[in-house]
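Me: I want to learn how to read helix packing and domain contacts. Can we work through a case?

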There are 2 protein chains.
Amino acid sequence: MIISGNLKTYVQKLRSSNLRPTKQRLKICQFLFNREKTFHFTVETLNKKINKNIGTKVSLATIYNTVEAFTSAGYLKEILTSKNKSYYDTNTKSHHHFYDEGSKELTDIHYSQIKLSKVPIPPKGKKIKNLEVVIRIQK
Amino acid sequence: MIISGNLKTYVQKLRSSNLRPTKQRLKICQFLFNREKTFHFTVETLNKKINKNIGTKVSLATIYNTVEAFTSAGYLKEILTSKNKSYYDTNTKSHHHFYDEGSKELTDIHYSQIKLSKVPIPPKGKKIKNLEVVIRIQK
DNA sequence: TATCTAGTTTATAATAATTCTAAACTAGAA
DNA sequence: TTCTAGTTTAGAATTATTATAAACTAGATA
Ligand SMILES: [Mn+2]
Ligand SMILES: [Mn+2]
Ligand SMILES: [Zn+2]
Ligand SMILES: [Zn+2]
């Protein structure tokens with residue numbers, strides 16, 4: 001398999017996620033991180049695209065495991081949209097989304113584009129884990 | 001089965017949801033709407049509570065169907081929390097929520113308790129369907 | 001470089017929530 | 001009372017995801 005000049009950064013991402021660099025994982029890294037722009041995906045679409053082109057075959061289980069490991073290591077972010085399918089984002093900065101209920105696609109909203117000027121205090125003993133907004137849109 | 005004095009309102013809710021008033025559906029109505037305060041539930045908890053006490057047995061399929069019909073008729077609201085389970089709310093007014101990731105419970109936040117002073121314009125041809133915020137909290 | 005082993009991959013099974021099916025039942029119009 | 005479209009139900013099917021366990025491999029060590 002041909003791995004771009006970013007090999008080192010992939011190995012570093014994998015090692016810091018407690019994963020050995022294998023050819024399956026490097027292929028996933030290349031697909032996820034060898035790009036100009038961040039993007040959103042589901043495991044289903046990732047699996048199809050990873051295994052469409054030639055080269056190393058990657059099982060669905062490995063895709064699930066790697067995505068999960070990258071998510072807990074902070075290299076991917078999980079976005080809650082519909083109840084039936086997990087969406088992930090290679091943009092790990094805090095930001096908001098439009099979710100189009102027709103096309104089922106996510107679009108980034110820069111963090112500064114939504115201003116919450118009033119937010120309630122959480123119940124005592126609890127703290128806010130995350131305050132990212134998903135705005136549902138439709139035709 | 002004993003149905004409270006709200007029978008007429010249940011029949012009206014059912015009829016306007018294009019459902020005939022059956023004893024199963026009236027039992028569900030009574031459990032959902034014969035209360036002082038609104039509340040949040042999942043199909044799993046609803047099924048357990050409906051079928052715990054004596055009286056008409058209601059199948060899981062009927063519970064799913066009735067909850068779905070009430071949701072599209074606007075008598076229940078679906079709240080998106082986790083990706084694995086649907087949550088519903090008998091409070092159908094527009095409002096926000098805390099979602100406790102530990103206890104997996106929802107708490108209402110009155111609509112006026114969150115102020116969005118800046119909201120982006122949706123992509124052309126699309127409109128905002130709903131802008132209710134779920135704030136994830138934890139210990 | 002050969003050996004060894006903990007970590008990895010994979011096909012497949014299991015699980016969990018939800019939806020579908022089709023046969024038996026029933027509300028309510030006639 | 002009869003009739004039929006709508007309803008209920010048990011169980012099967014579906015879908016996303018997680019678990020299992022046997023075959024493989026990275027990479028540390030001899
Ligand atoms: Mn579902
Ligand atoms: Mn799931
Ligand atoms: Zn994003
Ligand atoms: Zn609520």
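Reply: Start with the axes. They are lines fitted to C-alpha atoms, for helices over the stretch in contact, and angles run from 0 to 180 degrees between N-to-C directions. This is a predicted model.

Me: At what angle do helix H3 and helix H4 of chain A pack, and how far apart are their axes?

Reply: Helix H3 (residues 43-52) and helix H4 (residues 60-73) of chain A pack at about 120°. Their axes are 10 Å apart. Angles of 65 to 115 degrees count as roughly perpendicular, and those over 145 as roughly antiparallel. H3(A) and H4(A) are therefore oblique to each other.

Me: Is the crossing of H3(A) and H4(A) left-handed or right-handed?

Reply: The crossing is right-handed. On the H3(A) side, Val43(A), Leu46(A), Asn47(A), Ile50(A) and Asn51(A) make the contact. H4(A) contributes Leu60(A), Ile63(A), Tyr64(A) and Val67(A).

Me: Now the domains. Which residue ranges does the assignment give for chain A?

Reply: The domain assignment gives domain 1 as 7-79 and domain 2 as 93-137. Their C-alpha centres lie 25 Å apart.

Me: How many residues of domain 1 and domain 2 of chain A are in contact?

Reply: Four residues of domain 1 are in contact with nine of domain 2. Then look at area. The two domains of chain A bury about 460 Å² between them, with 58% of it on carbon and sulfur atoms.

Me: Which residues of domain 1 lose the most area to domain 2 of chain A?

Reply: His40(A), Lys77(A) and Ile79(A) do. Together they account for 94% of what the domain 1 side buries.

Terms used
Residues are numbered from 1 along each chain as its sequence is written. Chains are lettered from A and ligands numbered from 1 in the order in which they are written. This is a predicted model: local features need pLDDT of at least 70, side-chain atom pairs count only at pLDDT 80 or more; totals for chains, interfaces and linings use all residues. Side-chain values use heavy atoms; hydrogens and water are left out. Helices (H or I, at least four residues) and strands (E, at least two) are DSSP runs, numbered from the N terminus. Angles under 35 degrees count as roughly parallel, over 145 as roughly antiparallel, 65 to 115 as roughly perpendicular and the rest as oblique. A crossing is left-handed if the near helix is turned anticlockwise from the far one by less than a right angle, and right-handed if clockwise. Contact means heavy atoms within 4.5 Å. Domain bounds come from an automatic or database domain assignment. Buried area is the accessible area (1.4 Å probe) that two parts lose on being put together, summed over both.
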